[in-house]
Amino acid sequence: MGPCGRVLWTLLSGPKGRRGDTQARAFSLWSTLHRLLNPTELVSHWTGVFEKRGIPEARESSEYIVAHVLGAKTELVEWVLEEKAQGLHAMGAHGGPRILEVGCGSGAISLSLLTHLPESQVIAVDKEEAAISLTCENAQRLQLQDRIWIVHFDVTSERSWTHLLPGGPVDLVVSNPPYIFHQDMGQLAPEIRSYEDPVALDGGEEGMDIITKILTLAPQLLKNSGSIFLEVDPRHPELVSSWLQSRPDLYLSLVAVRKDFCGKPRFLHVQKSGP
């Protein structure tokens with residue numbers, strides 16, 4: 001989820017406190033509002049709240065958050081399902097797709113792909129113990145623990161990734177990595193700076209540090225014709241395309257770019273096209 005989607009938790013409970021407690025209070029308030037208001041009324045209510053607090057794209061943000069909290073898929077997951085729909089269903093006949101989901105220390109790893117792809121198996125990787133712990137709790141609560149392998153691992157580490165792939169290469173790699181340009185960190189909205197871990201946001205000078213790390217590792221992780229789905233900054237499609245052209249040894253191609261609900265190009269589909 002992008003910065004707009006992160007706004008809700010801070011507005012409901014303030015910038016302090018443990019993320020799990022924050023989410024519990026947030027969902028409690030949302031549950032109360034949901035009983036009193038229909039989705040259209042909820043959107044109007046939160047649009048007014050966001051406008052008063054000076055949050056950009058107030059209506060778009062409220063529409064996105066209401067849809068997310070009431071059970072809609074996140075934009076990144078929705079696009080993964082759309083882009084790979086036929087292929088994923090075909091994989092289901094042979095045991096289901098194997099997906100590597102790379103987290104980068106911002107709360108729990110999303111379990112949306114598991115809940116929307118009943119046949120899938122997911123390897124979830126994050127470097128933060130707190131994220132791993134919360135993901136384990138969520139997997140048990142949703143009774144998904146038999147379909148997810150949760151690994152404590154730093155994507156920037158020089159250690160081998162072999163132990164992450166006991167069943168061989170995967171069909172998909174999905175990640176919302178840190179992608180904010182370092183010089184833009186000071187310009188982030190106060191609710192994001194107060195609530196989010198800077199490590200989960202700061203992508204280095206051009207926001208590409210973790211993105212290029214994932215792309216460099218991808219050929220070792222993916223099956224032939226496997227795909228990588230990334231959430232990025234709107235400036236990244238051109239940067240990533242140029243970077244991939246400079247690394248023909250990776251056999252990766254940028255095959256599609258999708259805009260977010262604000263019309264900005266922020267989701268990349270990269271595909272492996274060789275050995």
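Guide: Fine. All six of the six residues of strand S4 are buried, so S4 is largely enclosed by the rest of the structure. Bear in mind that this is a predicted model.

Visitor: Which way do S1 and S4 run, and how many bridges join them?

Guide: S1 and S4 run parallel, joined by four bridges. Within that pairing, valine 102 stands opposite serine 175 of S4.

Visitor: And in what sense do S4 and S5 pair?

Guide: S4 and S5 pair in the parallel sense too, over five bridges. Valine 173 has isoleucine 228 in S5 as its bridge partner.

Visitor: What else is valine 173 in contact with, leaving aside neighbours within four places in sequence?

Guide: The list for valine 173 is Leu100, Val102, Ile214, Leu221, Leu222, Ser227, Ile228 and Phe229.

Visitor: Which residues of the largest nonpolar core touch the most other members?

Guide: That core has 35 residues, and the ones that touch the most other members are Leu100, Val173, Ile211, Ile214, Leu215, Ile228 and Leu252. At least two core residues come from each of strand S1 (98-102), strand S2 (121-126), S4, helix H10 (209-221), S5, helix H11 (236-245) and strand S7 (265-272).

Visitor: Which of them gives the most to this core?

Guide: H10, with seven residues. Apart from this core lies another one of 23 residues, including Leu81, Leu117, Ala124 and Ile132. As a general point, nonpolar side chains in soluble globular proteins tend to be buried together.

Visitor: Stay with H10. Which of its residues are buried?

Guide: Ile210, Ile211, Thr212, Ile214, Leu215, Leu217, Ala218, Pro219 and Leu221 are the buried residues of H10. They pack against S1, S4, S5, H11, strand S6 (252-259) and S7.

Visitor: How far apart are the end C-alpha atoms of H10?

Guide: They are 18 Å apart. That agrees with expectation, because 13 residues at 1.5 Å a residue should span 18 Å.

Visitor: Switching to helix H8. What does its buried side pack against?

Guide: The buried residues of H8 pack against S2 and strand S3 (148-152). Those residues are Ala131, Ile132, Leu134, Thr135, Asn138 and Ala139.

Visitor: What span should H8 have?

Guide: H8 covers residues 129-141, and its 13 residues should span 18 Å at 1.5 Å a residue. The end C-alpha atoms of H8 are 18 Å apart, which agrees.

Visitor: Now charges. How many salt bridges does a search of the whole structure find?

Guide: Six. One of them joins lysine 223 and aspartate 171, with the closest N and O atoms 3.4 Å apart. This pair links distant parts of the chain: lysine 223 is in strand S5 (residues 222-231) and aspartate 171 in strand S4 (residues 170-175), 52 residues apart.

Visitor: What lies 2.7 Å from a polar atom of the aspartate 171 side chain?

Guide: The backbone nitrogen of arginine 98.

Visitor: What salt bridge does arginine 235 make?

Guide: The side chain of arginine 235 meets that of aspartate 233 in a salt bridge, 2.9 Å from N to O. Arginine 235 counts as partly exposed at 38% relative accessibility, whereas aspartate 233 counts as buried at 10%.

Visitor: And which residue does aspartate 249 pair with?

Guide: Aspartate 249 forms a salt bridge with arginine 247, and their closest N and O atoms are 2.8 Å apart. Aspartate 249 is partly exposed, with a relative accessible area of 46%, and arginine 247 is partly exposed at 25%.

Key: Residues numbered from 1 in each chain as written. Predicted model: local features only at pLDDT ≥ 70, side-chain atom pairs only at ≥ 80, totals over all residues. Heavy atoms only, no water. Salt bridge = Lys/Arg side-chain N within 4 Å of Asp/Glu carboxyl O. Buried < 20%, exposed > 50% of the residue type's maximum accessible area, 1.4 Å probe, protein only. Core = buried A, V, L, I, M, F, W, Y, C linked by side-chain atoms within 4.5 Å. Contact = heavy atoms within 4.5 Å. Expected span 1.5 Å × (residues − 1). Pairing = 2+ DSSP bridges. Polar contact = N/O pair within 3.5 Å; in protein donor to acceptor, adjacent residues only side chain to side chain.
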